[in-house]
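User: Hello! I am new to protein structures and would like to learn how to read one. Could you take me through it step by step?

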Amino acid sequence: MPISWADSVAAAENSAAGSYAVGSSNSLAPNRPTYVPPHLRNRPSSSEAAPPPAAANSGSISAIPAVSGGNRWAAPRNDFRSGYVSGGRGGWNNRSGSRDREVNPFGDENGSEQQFVDQENSGINFDAYEDIPVETSGDNVPPPVNTFAEIDLGEALNLNIRRCKYVKPTPVQRHAIPISLGGRDLMACAQTGSGKTAAFCFPIISGIMRGQFGQRAPRMPRTACPLALILSPTRELSCQIHEEARKFAYQTGVKVVVAYGGAPINQQLRELERGVDILVATPGRLVDLLERARVSLQSIRYLALDEADRMLDMGFEPQIRKIVQQMDMPPPGVRQTMLFSATFPKEIQRLASDFLANYIFLAVGRVGSSTDLIVQRVEYVQESDKRSHLMDLLHAQRANGAHGKQALTLVFVETKKGADSLEYWLCMNGFPATTIHGDRSQQEREQALRSFKSGNTPILVATDVAARGLDIPHVAHVVNFDLPNDIDDYVHRIGRTGRAGKSGLATAFFNDNNASMARPLSDLMQEANQEVPAWLARASYGGGKNRRGGGGRFGGRDFRRDSNFNRGGGDYYGGANMNNAYGPPGGGYGGGYGAPGGYGGGGYGPGSGVASAWD
Ligand SMILES: Nc1ncnc2c1ncn2[C@@H]1O[C@H](COP(=O)(O)OP(=O)(O)OP(=O)(O)O)[C@@H](O)[C@H]1O
């Protein structure tokens, strides 16, 4: 029987996902017994693991362990490669006329086609998605498909889908792709790790392949005129989308280029000059390119906002409005617009509707819910005990990992300083760690990600800059060392594990500073069929002010269904078509969570603490 938190983590790691044994500590009220560090416990599993060279929590740096990997406290590594991956080496249809050879993004130049045709994306548990409730609203919603073969995406794209080993579409893809191929605007909400990137990339690539857009005429010779624009909030996410889109677009003749801040602009300008069909960008760098007249949006036919709620909250909204409404981009109805996220508060939905024309709203799973593939734990930990608790978890993981190896663990903290100091402390205590946050150079950020992905530094300490979108294979554990102030940020953070049908573990350290999160956290965990500790349930009765009113998460999801948001008293979108493809009838999923219309305090207002950690 588990006797400690470390043991309960160990039990979780040993057991299959979903059968997580709840340790006795979980049922305790916040007044926990005094913490005993692992090396002082008489536990065979811990003592087998290499003990830390310095006493846990001592902060001593007298005995510096040999630390491998790309952390900044170890010996410097000079393996920063060129770093700034920009567009492919030129598409076959590039506009400057040069015909560079297209680099194979699959890296299987010599492999036979059979190599990818015969396999499927291993480890994907599609059954995990089968009973997810799906809701669509809007006029004349195109029906979903069950297979990629049912959709006419074009031969070259179909081949790339097979190269990616995607055997069948995920639920969001089944619904979103036919909607977008039908030319409709879309606001889509689907859980983290459920394949949204492909859901917006496939229709864009396929549409450009069909080539119905005629000639693009730049006003100036050195101005690039992409047909599609994909915006995302962080540099790393833009790079990731670019990498994915390049795979999907391989040998289709569709050229994908990325532009993001913190990287030399000249290389990006050169790529743009070689021709671009799809531009993936962060808003800041794009505004720069627009102001230099090196990019024109006059030819845009497709606009996709990934992490759309983040893109339209206070931090980014002015830049997005400038790009979409105040430059030369065609208006809604002329261009096709797709907004995607795992979370979509109603207030942000309302803002977003300015960018859309007669759109369809799609919710796969409940809006803002976390996937129940992620086992969630919340532990009451005083600020002063957090490091010791983290150490405890890491020891347990190492002791139970394959060949004593550390599983990939992502640790979220609130501040950049906090990230640096925790990274240092971990390294001093024998846990190779690195960090990613907004004060690090782009080279350092990219190196940190590479080092984490490769397992050289299996612990990544991050601010919210790594909270959204990043698809890092084999992240076994997400630790919310500092909880965020907003439940949606929590959903995105824990969504770095438990992706594409795989299971994951998320642990949150909770204390009195997080009182406003008690209610939303408790609600979210309940909804995802997680065991809520008794003390957290009790704390949540206090009605944390961060609770999201029924206007956001539960019950009605498309904000147009909420009478508070209806314009002119009539039906906002006329001829409503509410399809509950898989869920219970009537669109009600466990309603009764608060009054409608409110988007609770503490979410997106000033002082929410969100903006500080972002680019
Ligand atoms: N049809 C499919 N079959 C198998 N794997 C897929 C399929 N579609 C996507 N994937 C894989 O699932 C993983 C998650 O996809 P993706 O990053 O697009 O998720 P997401 O919904 O955008 O997540 P987030 O909300 O965190 O941004 C990726 O590794 C992707 O390659």
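User: Which residues touch the most other members of the largest nonpolar core?

Analyst: First, a word on the source: this is a predicted model, where local features need pLDDT of at least 70, side-chain atom pairs count only at pLDDT 80 or more, and totals for chains, interfaces and linings use all residues. Residues are numbered from 1 along each chain as its sequence is written. A nonpolar core is a set of buried Ala, Val, Leu, Ile, Met, Phe, Trp, Tyr and Cys residues joined through C-beta atoms within 7 Å. A residue is buried if 20 or more other C-beta atoms lie within 10 Å of its own, exposed if 12 or fewer, and partly exposed in between, with C-beta atoms placed from the backbone. Here the largest nonpolar core has 144 residues, and L186, A188, I278, L362, V411 and A462 touch the most other members. Helix α7 (residues 196-210) gives this core its largest share, 8 residues.

User: What is I278 in contact with, leaving aside its neighbours within four places in sequence?

Analyst: Two residues are in contact if their C-beta atoms, placed from the backbone, lie within 7 Å. For I278 the partners are I204, P226, A228, I230, A245, V254 and V256.

User: How many helices and strands does the protein chain have?

Analyst: Helices (H or I, at least four residues) and strands (E, at least two) are DSSP runs, numbered from the N terminus. The protein chain has 19 helices and 15 strands. Buried residues make up 52% of its 615 residues.

User: How many residues of helix α17 are buried?

Analyst: In α17 (residues 487-494), 8 of the 8 residues are buried, so this helix is largely enclosed by the rest of the structure. The cover over its buried residues includes β9 (374-380), β10 (408-412), β13 (475-480), β14 (504-510) and α18 (518-527).

User: At roughly what angle do the axes of α18 and α19 cross?

Analyst: Axes are lines fitted to C-alpha atoms, for helices over the stretch in contact, and angles run from 0 to 180 degrees between N-to-C directions. The axes of α18 and α19 (residues 534-541) come within 8 Å and cross at roughly 125°. Angles under 35 degrees count as roughly parallel, over 145 as roughly antiparallel, 65 to 115 as roughly perpendicular and the rest as oblique. That is why α18 and α19 are oblique to each other. On the α18 side, A518, R519, L521 and S522 make the contact, and on the α19 side L536, A537, A539 and S540 do.
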